[in-house]
Amino acid sequence: MSSCQIIKITQGQIIRFFLKPLCLLQRKMSGNNQCYLVNLATKERILLPDQTPVILGRNPDSNIKDLKVSRKQIACIAKLGESQVALKPVGKTVCGCNGLALTRNVIYTIGHKDIIEVHLGDHKFEVNFDIPPAKSGSGPEIEEPKAKKPKLDFPVFNTKAPKTSGLTNGGTWEDVDNKELIVFTPAACQGRTKIAGFDIDGTVIKPKSGSRFPKNAEDWIWNYSEIPRHLRKLYDEQYKVVFFTNQSGVGRDPAKIAEFKKKISNIVNDLKVPVQVFISLGKKMYRKPRTGMWDALEKNKNDGVEIDVGESFYVGDAAGREKNWAPKRNKDHSTADRLFAMNIGLKFYTPEEFFLKQKPSPYKLPDFDPRADISHLKLPDLSYDKLNVIVMVGGPGSGKTSFVKDSLLPNGYIHVNRDKLGTWQKCVKTMEESLEKKSNVVIDNTNVDKATRARFIEAAKKFGADIRCFVMETSLDQMRHNNKFREMTDKNHAVVSDIIIFSYRKNFQEPEISEGYSQLLKIPCIPKFTDNALEKLYKTFLLE
């Protein structure tokens with residue numbers, strides 16, 4: 001910034017500066033010098049008369065119609081004698097200058113070619129003086145009485161960082177589980193009982209370039225100007241500040257990993273707080289909302305100090321907020337941060353709630369809640385006297401195979417499964433051979449449509465068997481959850497993509513008794529566990 005600086009004055013002086021008769025302000029007049037604000041989008045100019053307030057905001061003079069912007073957003077006063085413009089943010093929306101956020105009701109002075117952002121990053125106006133200022137411009141000459149209270153130090157444009165005790169340079173990088181996770185621990189980092197956890201992108205920083213994704217290690221600025229002050233205060237209040245971030249896009253590319261490490265170093269060095277950073281590079285147990293990063297912190301990376309979850313919290317922008325949760329705001333890209341906190345039991349805040357003290361916005365959780373009580377779910381009576389064929393219907397991850405193995409195979413049913421036999425023709429043949437021997441049969445395939453099911457129905461009729469259809473009552477979200485659980489816990493199980501599950505839903509035809517069944521039953525998905533750790537994992541949110 002060419003000439004931005006803080007004017008440390010009392011609140012009474014602020015009022016005097018904007019309301020005191022103009023003749024009482026000490027100023028230097030300079031010839032024919034004029035000041036304009038140039039709209040960088042439209043090239044329209046707004047004249048700033050000397051010592052006369054002009055309001056930028058959602059109004060005709062500014063030519064701004066954006067509902068995110070207050071009607072009175074920024075008060076501007078040109079001081080032609082000093083080739084400076086005084087700014088005072090007065091609206092509720094966060095505004096900025098040269099990419100940095102401004103604090104409401106604080107006065108700033110800026111100069112020639114500085115950029116005013118009526119909404120931080122948007123609606124930009126360039127300051128232009130007809131006679132450019134000399135390099136050594138001075139601030140407004142306002143007599144300042146002795147302050148009765150210590151002056152407030154707003155860090156927006158202040159390059160002098162507050163002192164923070166216990167900081168040293170350096171730190172260590174560690175690879176965990178073949179680089180599924182990498183951890184940065186500063187040299188001065190110490191284990192503490194209270195954790196202040198934060199997501200990184202979209203929470204504590206954002207791309208300086210204004211792009212959706214950062215271009216390089218230098219392409220970042222603080223998401224809000226208040227963030228460094230907040231994090232330093234938390235550290236001084238004996239919180240351990242920890243960042244948790246999903247970075248599967250970085251993957252195993254050494255160049256991308258090196259670039260992201262450089263970015264982390266830049267952030268931590270600028271902050272002057274020993275922040276510990278957990279970076280999930282994969283898509284397994286360490287990726288939020290799964291708790292692998294937190295588990296690593298708790299078990300191995302907090303110097304043996306027990307964490308008080310009740311006194312800790314987590315802040316993130318992936319909070320499940322729907323479109324227009326604020327005027328013209330897009331829906332959150334996922335719910336991963338909120339679910340991460342819920343899985344651990346942490347208090348959760350969005351960046352707007354924590355840093356700007358805004359009220360919580362409505363949000364939407366996944367339709368399937370793995371924590372829900374399922375004790376009321378019961379399986380039907382499965383005792384049948386007559387020769388019997390059961391046609392299972394359910395998508396991948398619906399729980400049908402577990403039901404078959406737990407409830408039907410122990411009762412002597414022959415298991416017919418296309419995954420094992422390969423083709424539907426072999427499945428029909430195996431069924432016929434079993435029925436000929438008077439053995440009951442269960443067809444454990446997805447059996448998604450009527451034509452597929454008809455192959456077994458027609459063949460079974462020749463043997464006079466009762467034909468029953470068991471339809472798994474498993475929602476799409478629970479199928480996705482079950483498949484992710486199997487992917488994480490069974491290395492031998494083939495990965496089932498969401499595409500396959502969505503394809504099942506698209507092609508699904510609801511079974512009807514008229515297809516030739518003697519009975520049509522709905523079967524609930526009731527997971528069973530022999531391991532407490534697996535049950536605990538299943539009962540957490542696994543999907544973003």
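Q: How is it known what share of the contacts in this predicted model joins residues 24 or more positions apart?
A: Among the contacts in the chain with a separation of 6 or more, 69% are between residues 24 or more positions apart. A contact here requires heavy atoms within 4.5 Å. The chain holds 13 helices and 25 strands, and 49% of its 544 residues are buried.

Q: Why is Asp 219 said to have no salt bridge?
A: The nearest side chain of opposite charge, Lys 215, is 5.8 Å away. A salt bridge requires a side-chain nitrogen of Lys or Arg within 4 Å of a carboxyl oxygen, so the buried Asp 219 has none.

Q: What makes the pair formed by the backbone nitrogen of Lys 215 and the side chain of Asp 219 a polar contact?
A: The backbone nitrogen of Lys 215 lies 2.9 Å from a polar atom of the Asp 219 side chain. Asp 219 itself is in the loop between strand S15 (205-206) and strand S16 (221-222).

Q: Which residues have the most contacts inside the largest nonpolar core?
A: They are Phe 198, Val 204, Leu 234 and Phe 243, within a core of 33 residues. Elements giving two or more residues to this core include helix H2 (227-236) and strand S17 (239-246), while H3 gives the most, with six residues.

Q: What does Leu 234 contact beyond its neighbours within four places in sequence?
A: Leu 234 is in contact with Ala 196, Phe 198, Tyr 239, Val 241, Phe 313 and Phe 354. A second, separate core of 26 residues includes Ile 443, Phe 456, Leu 476 and Tyr 504.

Notes: Residues numbered from 1 in each chain as written. Predicted model: local features only at pLDDT ≥ 70, side-chain atom pairs only at ≥ 80, totals over all residues. Heavy atoms only, no water. Core = buried A, V, L, I, M, F, W, Y, C linked by side-chain atoms within 4.5 Å. Buried < 20%, exposed > 50% of the residue type's maximum accessible area, 1.4 Å probe, protein only. Helix = DSSP H or I, 4+ residues; strand = E, 2+ residues; numbered from the N terminus. Lys, Arg positive; Asp, Glu negative; His and termini not counted. Polar contact = N/O pair within 3.5 Å; in protein donor to acceptor, adjacent residues only side chain to side chain.
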